[in-house]
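Good morning. I will go through one protein model today, part by part. Please keep the sequence and the structure in view while I talk.

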Amino acid sequence: MDTIQNYVESVFVNLPRTPEMTRLKEDMLSNMEDKYLELKDAGRSENEAIGTVLAEFGNIDEIIEEYELAHEDETNDVVYFSEEEADDFLNHRTKFALGIALGVFLCVLAPAIMLLLQGLYHLVPFLQGMAEDTMNILSLIPFFLMIAIAVGLFIILGMKEEQYKLEFRSITLERATRIYLQQEKKEFQPRFAKAIASGVVLCILAPISLLISTLFLGDENALSVVFLLSFVAAGVFLFVFYGILYSTYERLLAEGDYTPEKLKVEKTSENIAGIVFPIAGGIYVISGFLFDAWGTAWIIFPVAGICFAIFSAVYHSYLTMKRKK
């Protein structure tokens, strides 16, 4: 069996590492292993079984021609990750998810901390010796500090993310790497579901906490908003952190929104959008000036948006059907 695996690896080592070629490699290996086991069950010796399998499946040129891959070159839209590179990317995305989620958490919580400090001014006697305007100014310090930390996290992590140069590019993996990542994703899904459910519960509790605190503290007490924002911040943290981790598995496995077809549609759509919508804006302005149609010419924008959405859906369906052929 190892002989067959080594042979398949040697055949594909110099071929383009596209998703189609990866699937072809996996299909070829699976068919050869099935044939090998069938021959062994029929009483053939090890050498006879291997020799028959290699003779029957060993001509890669015929297989490539059958799959119409001989002249296919889409390496610009595909990046190959080894097991080490996949692990490195997964570790990076874990830190990226934590940093982005923390940044969003700080942005939501910053006004809550500001309101908390302002609310404590009226509740803590020794703070009332300070002028209220002074307390309001001091409460802005943690607000801007938390926003600054969040923005810093977004910039630093965004720059690190760009180093991988994965925009509009799908990832292809070795068979063994794909299998263990699929298993990791399967094990991660229950945690993902619990995290999203917890986030939803926290967001539902947010307005409830606002109503209860308003009932006991009064309508004008800022602490009610503090409770609201605190629950929302915790819920959003779970959404962002676990959402990024889940999307990372989808990106590595080229699933969901990161299939080659969807990425190609997204790339094409962005290029076309850069032409269509400026033209729509030009038509609106010209119609307004020449025909005084400012009140009706705006219809060009929803029409362009609908046509654009239809084009994207049709193009994605076309690419999916083409890939299945």
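Start with K165, which lies in the loop between α6, residues 132-162, and β2. Is K165 buried or exposed? K165 has a relative accessible area of 61%, and anything over 50% is called exposed, so K165 is exposed. Its backbone is worth a look too: phi of K165 is near 50°, a positive value in a residue other than glycine.

Now a step back. This is a predicted model, so confidence belongs in the description. The mean pLDDT of the protein chain is 83, and 86% of its residues reach 70 or more. Where is confidence lowest, and where is it highest? Helix α4, residues 60-66, has the lowest, with a mean of 57, while α8 has the highest, at 93. Over residues 68-73 pLDDT stays under 50. For that stretch the model has six contacts beyond four places in sequence.

Next, the overall layout. The chain contains ten helices and two strands. In sequence order the pattern is α-α-α-α-β-α-α-β-α-α-α-α. There are 325 residues in the protein chain, and buried residues make up 36% of them. The accessible surface comes to about 19,200 Å², with 63% of that belonging to carbon and sulfur atoms. Among contacts with a separation of 6 or more, 76% are between residues 24 or more positions apart.

The two strands come next. How do β1 and β2 pair? Strand β1, residues 78-81, pairs with β2 in the parallel sense, over four bridges. Within this pairing, Y80 stands opposite T172 in β2. In a regular strand, side chains alternate between the two faces of the sheet. Strand β2, residues 170-173, is covered on both faces. On one side are S170 and T172, on the other I171 and L173, and all of these are buried.

Now helix α5, residues 83-123, where L116 is placed. L116 has 28% relative accessibility; that falls between the 20% and 50% limits, so L116 counts as partly exposed. Which residues does L116 touch, leaving aside its neighbours within four places in sequence? L116 is in contact with L223 and V226. There is also a C-alpha distance to give: L116 and V225 are 109 residues apart in sequence and 8.8 Å apart in space.

That brings us to α8, which covers residues 223-252. Just after α8 comes A254, with a positive phi of about 55°.

Helix α9, residues 260-291, gets the same check. Its 32 residues should span 46 Å at 1.5 Å a residue, and its end C-alpha atoms are 45 Å apart, which agrees. Helix α9 also has a kink of about 30°, centred on A273.

Which residues of α9 are buried? They are P260, E261, L263, V265, S269, A280, G281, S287 and G288. As background, an α-helix has 3.6 residues a turn, so residues three or four places apart point the same way. Take S287 as one case from that list: S287 has 18% relative accessibility, and the limit for buried is under 20%, so S287 counts as buried. Not counting residues up to four places away in sequence, S287 touches D292, A293 and A297.

D292 follows α9 and is found in the loop between α9 and α10, residues 300-324. D292 is not a glycine, yet its phi is positive, about 55°. At 62% relative accessibility D292 counts as exposed, because the limit is over 50%.

To close, here are two things to find on the screen.

Definitions and conventions:
Residues numbered from 1 in each chain as written. Predicted model: local features only at pLDDT ≥ 70, side-chain atom pairs only at ≥ 80, totals over all residues. Heavy atoms only, no water. Buried < 20%, exposed > 50% of the residue type's maximum accessible area, 1.4 Å probe, protein only. Contact = heavy atoms within 4.5 Å. Areas by Shrake-Rupley, 256 points an atom, 1.4 Å probe, with all protein chains shown as cover. Expected span 1.5 Å × (residues − 1). pLDDT = per-residue confidence, 0-100. Pairing = 2+ DSSP bridges. Bend = angle between axes of the 7 residues up to and from the residue.
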